[in-house]
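Please walk through the structure shown here, taking a few elements and residues in turn.

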Amino acid sequence: MNRDGLFLSNDILMSVEKPERYIGHEVNSCIKDPEDIRVRFVMCFPDVYEIGMSHLGIQILYDMFNSFPDVWCERVYSPWVDLDRIMREKNIPLFSLESQRPVREADFLGITIQYEMCYTNILQILDLSHIPLTATERTWDDPIVIGGGPCSYNPEPIAEFFDIFYIGEGETRYRELLDLYEESRDAGISREEFLYKVSQIPGLYVPSLYDVQYNDDLTIKSFTPVREGVPAKIKKEVVKDLDDTYYPKSPVVPYIRCVQDRVVLEIMRGCIRGCRFCQAGELYRPVRERSVDRLLETVYQMLDSTGYEEVSLSSLSSSDYTHLPELLDKLIVECEKRKVNITLPSLRIDAFSLDVMNKVEDIKKTSVTFAPEAGSQRLRDVINKGLTEEDILSGSAQAIKGGWTKFKFYFMLGHPFETDEDIEGIGDLANKVAAEFFELVPRDQRKNGPISITVSTSFFVPKPFTAFQWAPQCTQDEFIRKAYVCRGGISSQLNQKRIHYNWHDADTSVIEALLARGDRKVADVIKRVYEKGGIYDAWSDYYSHARWIEALDECGLSLDFYAYRERSESEIFPWDFIDIGVSKRFLYNEYTKAKQGIITQNCRAKCNGCGAAVFDAGICPHAAI
Amino acid sequence: MTKIRVRFTKHGAIRYIGHLDVMRYFQKAIRRAGINVAYSGGFSPHQIMTFAAPLGVGLESDGEYMDLGLEDTAPDTTAIMDALNKASVPEIRILSVRILPEDAGNAMASVFASAYEITFYDDKKVLCPDKNTIKRLLERCSLLESMIYHKETKKTSRDIDLKSFIYSLYLKDDDEDKPTVCMTINSSSSDSIKPGFVMEYLCSLEDIKLPDNSLMITRLDMYTQSDSGDLVSLGDIGVTS
């Protein structure tokens, strides 16, 4: 420790890019006296500080843990590649930001797992902390390593690296876990015995207590508990009333500019839409809203305690929040007084949202964003994206009349049952929007310049707990071919000069598919990639596709099996032991309906009996239980 | 609009925060403190705020300055100082708040010189000159007509005569084993030099090469030049209420 109580020496801090990532001391960061606490919980986002600090989930849990007098929750993020190198060279252990003490001294290391491409960074965190990578090799000298977040809904590829996974929303069960930990340490029981007791707490999954058997065709034969009393199924945890739970009134304010440099206000959880490719739409069911009064009370406290100049409303589909007009009316008035900007991501473009955007944003600087995800109406019905061409064109026409000239369109290529005509429909749709502009705005009134349309496509990755979890993914070559079809569809349009096209690369998409639907055998691949030097795979500059292919070969595993293969209806998935409420039967029915191009209505229009009603919360009708 | 000048410190761990982030820090601290700051017009209004010479990453300071425009015509400087201190991290303390006269130049434009105290980090001091050596070097230096320092950056290199930018340079008289060099040097936007240049030059007189990151530098204050040519602390301009 140097003279300022920092873990890293002045020499190291002066030689790395952005030393601010490693010094802590931010406004609202929580410092406690180690004498007063019983449990040190280090919370980790396995990516660089600026990304990790932008994550709302950690802010909520940090606030919750630190509200417990016996617990001190701290933060740690992945050291950037420059510091990573120095730490390895000099054998410097990873440390947490608040206490500036080694992570390994903590009681718990909680890792939030938000995307598959961070898996190698999880190994980086464990390795730099000098914690054994494999859970069964750990002793009481190591922290209990617990994972959570969306990727823990298929934890199997990373199961051997974790002692526990928390399945579901973190607000509900941590107190029980901490109490059990304190009791267990007082009683002097073994780590194994403690983990066995943990498995009795709802929502907590202890991977070491399960055995997986495989069929000759490599699919799963059985997934069974190895000990009496360990539950065969883990039901996700859900907060029933979002008005009666934790929310950070004083989030930590970073010094460096982070991705999310603003107050983030989560207005609701879940989504009524049921797009068939979307994992979040299923995982976070049922839809639950926060009340306007609580939201306003919270947001003003947050603005007062942080001094932020901007607030962002967060949800999967803000237009579906029932009290949005009332919330915005009040928020706009107060924010104008406070000189605070409001940003509204994930808004459906219509008369209401354009009116709001007009009030809170500078039309000349901002763009209007659509996410049709598929180019033709037929394919939008297949993926159950409840957005019609008429919705899009009337939205864009109103935006054009309102003075907007920048438009962004997001699509996915490689959806199940996609044809080349569907892809060509992308260019067609973009051209229609451009044509609207030239029709609606006479030449002498184009004061903001001509229309500019950006079309971006990413490649479809099938995810667990979606209707498309059975679907094959396209091969890389097929993805590239589709991107060319899309480009051809755009360049054949009359207004093609106004349309700019860019596409996401295909390499990471197939590896993402491997990790998303992988089983326990995939852990070896991840470990090998890490041993070959792979970290920051989510960053294209540091991603090496060759490294992944090499590791797959060495392990005798293939993308054919994990990514490109269609699953049969009866196949046991690695994640089948998790119960998210939404039933496998419902999802398979959705897959069948997709094949036939039949849409399913949203949760508000009609209950489709997905199964999430077991949680008896939010939008779900009680009758459906 | 009334203008005030805030003098603040920057110590400890916070010295690794860059200048732009210190500005962003204050934008938020001012809001937390509820200060009635004036905003520019336009779609994204920003606070009327100017900082004196930026402080390098890794340096500490007792004399940083920020000018603020306020909506109040008769602000209570003590109340502002208290509110800002309450909204601040312990490593940044507000030392004074003064109301500026209308004709005062802003902090950035009027800064002319800075005073520094420089010593060596403990883990590097054995590789650095001791107190007697520093004393001898400073004496040699005082006899020189010029102090030609060869400044190299990534793109350019040029010779600078440091002498014309140094207004005082001496060894601090204290009981410490480690030497502390005090200097007041030019830090105007057009002609500034860095305290490290002077230390390197001093050591070069006896072919001593300072190890990397060995200097522990604290800025003591910043000055403007009065009409008569005297150095006046930026913090002495204006009045408290």
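**Helices and selected residues**

The buried residues of helix H5 of chain B are B:Pro195, B:Gly196, B:Phe197, B:Val198, B:Met199, B:Tyr201, B:Leu202 and B:Cys203. Buried means under 20% relative accessible area, exposed over 50% and partly exposed in between, with a 1.4 Å probe and protein chains only. Helix H5(B) covers residues 195-204 and is mostly covered, with eight of its ten residues buried. Helices (H or I, at least four residues) and strands (E, at least two) are DSSP runs numbered from the N terminus.

This is a predicted model, in which local features need pLDDT of at least 70 and side-chain atom pairs count only at pLDDT 80 or more, while totals for chains, interfaces and linings use all residues. Residues are numbered from 1 along each chain as its sequence is written, chains are lettered from A and ligands numbered from 1 in the order in which they are written, and side-chain values use heavy atoms, with hydrogens and water left out.

In chain A, helix H14 (residues 420-440) has 21 residues and spans 31 Å from its first C-alpha to its last, close to the 30 Å expected at 1.5 Å a residue. The expected span is 1.5 Å times one less than the number of residues. Among the buried residues of H14(A) are A:Ile423, A:Ile426, A:Leu429, A:Val433 and A:Phe437.

Next come the helix pairs. Two packed helices are described by the angle between their axes and the distance between the axes. Axes are lines fitted to C-alpha atoms, for helices over the stretch in contact, and angles run from 0 to 180 degrees between N-to-C directions. The axes of H16(A) (residues 506-516) and H18(A) (residues 545-555) come within 10 Å and cross at roughly 40°. That angle makes H16(A) oblique to H18(A); angles under 35 degrees count as roughly parallel, over 145 as roughly antiparallel, 65 to 115 as roughly perpendicular and the rest as oblique. From H16(A), A:Asp507, A:Val510, A:Ile511, A:Leu514 and A:Leu515 meet A:His545, A:Trp548 and A:Leu552 of H18(A), where contact means heavy atoms within 4.5 Å.

Helix H17(A) (residues 522-531) packs on H18(A) at an angle of about 130°, with the axes 9 Å apart. That makes H17(A) oblique to H18(A). Residues meeting across this pair include A:Val525 and A:Val529 in H17(A), and A:Trp548 and A:Leu552 in H18(A).

Single residues follow. A:Ser96 sits in the loop between helix H4 (81-90) and strand S3 (108-112) of chain A, and is buried at a relative accessible area of 0%. Leaving aside neighbours within four places in sequence, the contacts of A:Ser96 include A:Arg40, A:Glu74 and A:Arg101. A:Glu310, in strand S13 (residues 310-314) of chain A, is also buried, with a relative accessible area of 17%.

Most residues other than glycine have a negative phi, and most peptide bonds are trans. A cis peptide bond joins A:Arg285 and A:Pro286, with omega about -5°. A:Asn384 has a positive phi, near 60°, and lies in the loop between helix H12 (377-382) and helix H13 (389-402) of chain A; A:Asn384 is buried, at 5% relative accessible area. Phi of A:Phe417 is near 65°, also positive, and A:Phe417 counts as partly exposed at 29% relative accessibility.
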